[in-house]
Amino acid sequence: MLKFSSVTKVFKSDFLKKPVVAVDDLSFNVDEGSIVGFLGANGAGKTTSLKIAMDFTRSTKGEVSFEGLGKNKSEIFSNIGFLPERPYFYPHLTGRAFCHYMGKLVDMKKSKIEDQIERWAPKLRIEFALDREIKTYSKGMLQRIGFLTTLLHDPKLIILDEPLSGVDPIGRKELKDIIYEVNQLGKTIFFSSHIVSDVEEVCDKVIFLKNGKLVYQGRVDDIINKNIRPVTKIRYVLNNETLSIKTEDSSKTMRLKELIEKGADIISVEQDKPTLENIFYNVGS
Ligand SMILES: Nc1ncnc2c1ncn2[C@@H]1O[C@H](COP(=O)(O)OP(=O)(O)OP(=O)(O)O)[C@@H](O)[C@H]1O
Ligand SMILES: [Mg+2]
């Protein structure tokens with residue numbers, strides 16, 4: 001649905017300063033129907049890439065193409081919903097009035113906007129606050145009303161730049177559930193984050209950037225399975241204390257025997273699966 005082909009973006013400020021290569025020969029795909037996480041540390045080039053996708057800034061080299069979204073630019077962009085990294089909300093408007101304002105900007109009829117609010121607000125769990133002024137909203141509520149505005153015109157592809165940033169763990173969990181539900185209702189979702197575990201939880205696929213370069217793109221399960229080490233984790237109780245040890249797979253039986261002889265009660269024996277976070281810290285180093 002969205003394809004980056006060897007995209008490079010160089011920012012040149014003036015003659016004296018070194019140009020910044022924000023995105024470096026980046027190629028990846030976002031397939032229809034998927035949830036794709038765009039990971040990378042601060043300054044990795046995520047926002048710049050998303051701005052290039054949205055045509056807010058031009059790439060220096062390479063191109064972005066879309067499949068199944070339309071024949072020309074205006075048709076393509078009418079099928080994309082975008083939530084920027086730092087969206088601006090009019091504080092004195094209510095959530096509902098803000099949705100109407102955003103809908104009108106894309107020539108939507110009042111009745112259609114209302115239908116869409118009715119369709120999505122309960123799913124985004126923001127219905128209760130629609131008639132309150134936005135200045136009273138928490139960060140999580142702002143992200144939800146922002147997310148709602150990306151869905152108003154019924155786009156096929158939703159691009160969210162750091163939708164979970166600044167939201168507490170409970171709010172993040174709720175937003176992740178919402179992202180999942182919106183995907184289940186047929187929308188393709190591409191969102192950036194620098195928190196690996198958030199992406200691991202909700203995404204089918206991950207694209208990992210470092211200094212503007214692609215480090216990895218692929219299925220979350222695949223990268224975890226590829227990085228499983230032959231290590232077993234044994235959890236046990238000994239003298240009323242719950243403990244765990246890691247051992248090479250080859251010496252697992254011997255270690256278990258030793259523990260049982262000492263009188264330990266074995267709770268679990270499982271393969272030591274790395275988290276995506278462990279893997280990317282290794283890949284990135
Ligand atoms: N307009 C600009 N002019 C010059 N340099 C820029 C400009 N925009 C971004 N950069 C630089 O490009 C690099 C990538 O920035 P970008 O905002 O894309 O990163 P990011 O991955 O979104 O980071 P964050 O997680 O902090 O949002 C950074 O080094 C940044 O300083
Ligand atoms: Mg950014």
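Biologist: What percentage of the 285 residues of the protein chain count as buried?

Modeller: This is a predicted model, and every value given here is computed from it. A residue counts as buried when its relative accessible area is under 20%. Of the 285 residues of the protein chain, the share that counts as buried is 44%.

Biologist: How many helices and strands does the protein chain have?

Modeller: The C-alpha atoms of the chain fill a box of roughly 75 × 50 × 40 Å along the principal axes. Within the chain, the count of secondary-structure elements is ten helices and twelve strands.

Biologist: Which residues coordinate the magnesium ion (ligand 2)?

Modeller: The donor atoms are OG1 of a threonine and OE of a glutamate, at 1.9 to 2.4 Å. The threonine belongs to helix H1 (residues 46-53), whereas the glutamate belongs to the loop between E5 and H3, 38 residues apart. The residues that coordinate the ion are Thr 47 and Glu 85.

Biologist: Is Thr 47 buried or exposed?

Modeller: Thr 47 is found in helix H1. Its relative accessible area is 18%, and the limit for a buried residue is under 20%. Thr 47 is therefore buried.

Biologist: What is the class of Glu 85, with its relative accessible area of 32%?

Modeller: Buried residues have a value under 20%, and exposed residues have a value over 50%. The value of 32% for Glu 85 lies in between, so Glu 85 is partly exposed.

Biologist: What is the length of the polar contact that joins the side chains of Thr 47 and Glu 85?

Modeller: Both residues coordinate the magnesium ion (ligand 2). Their side chains are also joined to each other by a polar contact, for which the limit is within 3.5 Å. The contact between Thr 47 and Glu 85 has a length of 3.1 Å.

Biologist: Which residues are the closest to the centre of the largest pocket?

Modeller: The largest pocket has a volume of about 440 Å³. It is lined by 23 residues, and the closest to its centre are Phe 82, Met 102, Val 106, Thr 149 and His 153.

Biologist: How many charged residues does the lining of the largest pocket have?

Modeller: At least two lining residues come from each of helix H2 (73-78), strand E5 (80-83), helix H3 (95-105) and helix H5 (139-151). By class, the lining has 16 nonpolar and seven polar residues. The number of charged residues in the lining is none: there are no charged residues.

Biologist: Which residue of E6 is the bridge partner of Leu 83?

Modeller: E5 and E6 pair in the parallel sense over four bridges. E6 is mostly covered, with five of its five residues buried. Leu 157, Ile 159 and Asp 161 point one way from the strand, while Ile 158 and Leu 160 point the other way. The bridge partner of Leu 83 in E6 is Leu 160.

Biologist: Which residue of E7 is the bridge partner of Ile 159?

Modeller: E6 also pairs with strand E7 (residues 188-193), in the parallel sense and over five bridges. In E7, the partner of Ile 159 is Phe 190.

Biologist: Why is strand E8 (residues 205-210) largely enclosed by the rest of the structure?

Modeller: Strand E3 (residues 35-39) pairs with E8 in the parallel sense over four bridges, and Val 36 stands opposite Lys 205. Strand E9 (residues 213-219) runs antiparallel to E8 and is joined to it by six bridges, with Leu 209 opposite Leu 214. E8 is described as largely enclosed because its buried residues number five of the six.

Biologist: Which residue takes a positive phi in the hairpin of E8 and E9?

Modeller: The hairpin has two residues between the strands. A phi near 45° is found there, and the residue that takes it is Asn 211.

Biologist: Is Asn 239 buried or exposed?

Modeller: Asn 239 is found in the loop between strand E10 (231-238) and strand E11 (241-248). Its phi is near 50°, a positive value in a residue other than glycine. The relative accessible area of Asn 239 is 70%, and the limit for an exposed residue is over 50%. Asn 239 is therefore exposed.

Methods:
Residues are numbered from 1 along each chain as its sequence is written. Chains are lettered from A and ligands numbered from 1 in the order in which they are written. This is a predicted model: local features need pLDDT of at least 70, side-chain atom pairs count only at pLDDT 80 or more; totals for chains, interfaces and linings use all residues. Side-chain values use heavy atoms; hydrogens and water are left out. On a 1 Å grid over the protein atoms alone, a cavity is a set of points where a 1.4 Å probe fits but cannot get out, and a pocket is an open set with protein on both sides within 12 Å along at least five of seven lines; lining residues have an atom within 4 Å of a point. Grid points are joined across faces, edges and corners, and a volume is the space filled by probe spheres set on the points. Ala, Val, Leu, Ile, Met, Phe, Trp, Tyr, Cys and Pro count as nonpolar, Asp, Glu, Lys and Arg as charged, and the others, Gly among them, as polar. Donors are N, O and S atoms within 2.8 Å of the metal (3.2 Å for Na, K and Ca); water is not among the atoms, so sites may look incomplete. Buried means under 20% relative accessible area, exposed over 50%, partly exposed in between (1.4 Å probe, protein chains only). Two strands pair if DSSP finds at least two bridges between them. A polar contact is a pair of N or O atoms within 3.5 Å; within protein, one must be able to donate a hydrogen and the other to accept it, and residues adjacent in sequence count only if both atoms are side-chain atoms.
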